[in-house]
Amino acid sequence: MDDKIMKSIKKYGFGLFTIVLIAIGFLIVINGVENGVDSANEYLNTSMGGGMDTDSFLVIQKGYILSNFIFGGILLLVGLSFFCMYIYKFFKEMDVGDE
């Protein structure tokens, strides 16, 4: 009985993990601009003493925004890939069980 419960926890736990990974990646991508701007402003205030020329600040701001998009996109892509593998395995196990 315990072995069956552990297999069930592993099976559905991985599915839950993929959904959480997708959600986190999606939220990072959606809020990427806002978080990038906030990070650039924080960098300006803490590291540069509150003053910097506009062109340099815009480059830093675009870098922070791009890094948020890349990180969120990677999490989203990995989560979706794992979710597709999970769904494939789930339906494959259902087909084997029906035969």
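Visitor: Where is the place of Gly49 in the chain?

Guide: Gly49 sits in the loop between helix H2 (32-47) and H3, where helices are DSSP runs of H or I with at least four residues, strands are runs of E with at least two, and both are numbered from the N terminus. This is a predicted model, in which local features need pLDDT of at least 70 and side-chain atom pairs count only at pLDDT 80 or more, while totals for chains, interfaces and linings use all residues. Residues are numbered from 1 along each chain as its sequence is written, and side-chain values use heavy atoms, with hydrogens and water left out.

Visitor: Why is Gly49 called exposed?

Guide: The relative accessible area of Gly49 is 68%, and exposed means over 50%, buried under 20% and partly exposed in between, with a 1.4 Å probe and protein chains only; Gly49 is therefore exposed. Along the sequence Gly49 is 12 residues from Val37, and their C-alpha atoms are 17 Å apart in space.

Visitor: What makes Ile24 partly exposed?

Guide: Ile24, which lies in helix H1, has a relative accessibility of 39%, and so it counts as partly exposed.

Visitor: Why is Thr18 called buried?

Guide: Thr18, also found in helix H1, has a relative accessible area of 0%, and it is buried because that value falls under the cut-off. Not counting residues up to four places away in sequence, Thr18 touches Gly79, Phe82 and Phe83, a contact being heavy atoms within 4.5 Å. Among the other buried residues of H1 are Gly15, Leu21, Ile22, Gly25 and Ile28.

Visitor: Why does Gln61 count as buried?

Guide: Gln61 has a relative accessible area of 15%, which is under the limit for a buried residue, so the label applies. Its place is in helix H3 (residues 54-98), and, leaving aside neighbours within four places in sequence, Gln61 is in contact with Val37 and Ala40.

Visitor: Which residues is Phe90 in contact with, leaving aside its neighbours within four places in sequence?

Guide: Phe90, which lies in helix H3, is in contact with Lys11 and Tyr12.

Visitor: How do you know that the span of helix H1 agrees with what it should be?

Guide: The expected span is 1.5 Å times one less than the number of residues, so the 29 residues of helix H1 (residues 2-30) should span 42 Å, and the end C-alpha atoms, 41 Å apart, agree with that.

Visitor: What makes the chain more spread out than a compact globule?

Guide: From the N terminus on, the elements run α-α-α. The radius of gyration, taken over C-alpha atoms, is set against a globule rule of 2.2 Å times the number of residues to the power 0.38; the chain has 21 Å, well over the 13 Å that the rule gives for 99 residues, so it is more spread out than a compact globule. The C-alpha atoms fill a box of roughly 70 × 25 × 15 Å along the principal axes, and buried residues make up 18% of the 99 residues. Of the contacts with a separation of 6 or more, 79% are between residues 24 or more positions apart.
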